[in-house]
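Here is a short briefing to read alongside the structure. Take a look at the model first, and then we can walk through how its parts meet.

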Amino acid sequence: MCLAVPVRVTALVDEQRVEVEIGGIHTRISTALIDAVAVGDYVIVHAGFAITRLDVAAAEESLALFEEIAAHMRRQHHALHPRLS
Amino acid sequence: MRYIRGFRDGASAAALAGLLAEAVDPRRDYHLMEFCGGHTHAIFRYGVEDLLPPNIRLVHGPGCPVCVLAVPRLDAAIELAAQPGVTLVSYGDMLRVPASRRRNLMKARAGGADVRMVYSVLEALRIATDNPLRQVVFFAIGFETTTPASAFLILEAARLGLTNLSVYCNHVVTPAAIMSILDSPSVREWGQVRVDGFIGPSHVSAVIGSRPYEYFAEEYQRPVVIAGFEPLDVMQATLMLVRQLNEGRASVENQFTRGVTREGNQKAQALVAEVLELRPSFEWRGLGELPYSGLRIKRDYAAFDAERRFQMPIRPVAENAACLCPAIIRGVSKPTDCKLFATACSPREPVGSCMVSAEGACAAYYKYRGGALRVAS
């Protein structure tokens, strides 16, 4: 019920509606619950309404952290188990 | 899709599992409740539990709106739908939820009632404007994620002067439910459920912010980490909880920084506050009557309140005694403890609400833990 997905705004329809895209699918959603958005912004959509903006900088920061953790663990693994060849 | 798939990366999950294995204190264990059914399903779907050290136990919480709706309130909706001239509009999640005497909205529709399934309240608005001679009632359920849309619907109905649209309000609030778990006898006295910390809701918190959790993190000395619904989110939040518990801290932390702020969505909060108010008490399935845990429509918008417009008697019912849903919702029992699980009760023929909902714990166990195999054997 609380499921919501991040989508990208592709066009503004009117004051309270925008067109969004996710995975090649386009649809219209309401932006009545959030402040003005611009084309290219990401929002999180639940039941036809954007419930909040997606903070892209924060998302990128999280992803970079996960990549860093993965790289760190890989290095540690290689240090402990060096390849013999 | 980057902001979905990126949070499902296998190598990062393995690395986080490594960090968790290093972080846990082998002399103790960690009982963490994921409040949301959305988290329960992410945990099962991606096998997160198998990546966690064995001394981390996940307790499934009541954050499934369909599961916690009291049966008498669903009965009232089914009876309303059967009235001539009424069109009942509902989110799809509700249609197959068993009411008393094994009725449900789907069967009511098969019996001639006008029950329609929608994805958004905007469709309910369209149904009402397209059918001026029918009384259209929107069956509103859900936590804070869903509530602002219902408030919007009422405000739109008022703005358009619609006289044939009303809302049957069953919205509930999250912090009250978490507090009731911590206050419940099974936690406080019986010791059946141990909850050391909470994996907090992501989308509920996108609306209400992280601030409402601060009071009980402090008061009950339980850490809360708000987490996104993807597997890496859940694992990182678990790591954050383990670190807090190791350090003896109990604060509110936010893992879901991409969608949650401390203040939340104030515009949505203002819409809700304009139209809805707390009920002094509201019945939850499995948790009983909880003070200030549900919302009703304010007197100013009484014209749009289905409970005022129609006779909707709420009659107590005896639940199927064999169904463990109430105990599962409280986190006292696991789905596999239930005699009906994967025998008399399956997603195809659900007895209890926890088996119906895409957020119910029983549905998650059945779908991802081989419920089907048990049926076959």
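The notes below cover the domains of one chain and then the contact between chains.

Please keep in mind that this is a predicted model. In it, chain B splits into three domains, and chain B also touches chain A.

**Domains of chain B**
- Domain 1 is built from two stretches, 28-63 and 175-254.
- Domain 2 likewise has two stretches, 67-172 and 264-309, while domain 3 covers 325-376.

**Where domain 1 meets domain 2**
- The C-alpha centres of domain 1 and domain 2 of chain B are 29 Å apart.
- On the domain 1 side of chain B, twelve residues make contact, and they meet 17 residues of domain 2.
- Three elements of chain B each bring at least two residues to that domain 1 side: β2 (56-63), α10 (174-183) and α12 (203-208).
- Of these, α12(B) has the largest share, with six residues.
- Sorted by class, this side of domain 1 holds seven nonpolar and five polar residues, and no charged ones.

**Where chain B meets chain A**
- Chain B puts 40 residues into the contact and chain A puts in 31 residues.
- Elements of chain B that give two or more residues to this side include α1 (2-5), α2 (10-23), α5 (65-68) and α9 (147-160).
- α12 and α15 (266-275) of chain B are also among them.
- The top contributor is α2(B), which gives six residues.
- By class, the side of chain B that touches chain A has 23 nonpolar, twelve polar and five charged residues.

Definitions and conventions
Residues are numbered from 1 along each chain as its sequence is written. Chains are lettered from A and ligands numbered from 1 in the order in which they are written. This is a predicted model: local features need pLDDT of at least 70, side-chain atom pairs count only at pLDDT 80 or more; totals for chains, interfaces and linings use all residues. Domain bounds come from an automatic or database domain assignment. Two residues are in contact if their C-beta atoms, placed from the backbone, lie within 7 Å. Helices (H or I, at least four residues) and strands (E, at least two) are DSSP runs, numbered from the N terminus. Ala, Val, Leu, Ile, Met, Phe, Trp, Tyr, Cys and Pro count as nonpolar, Asp, Glu, Lys and Arg as charged, and the others, Gly among them, as polar.
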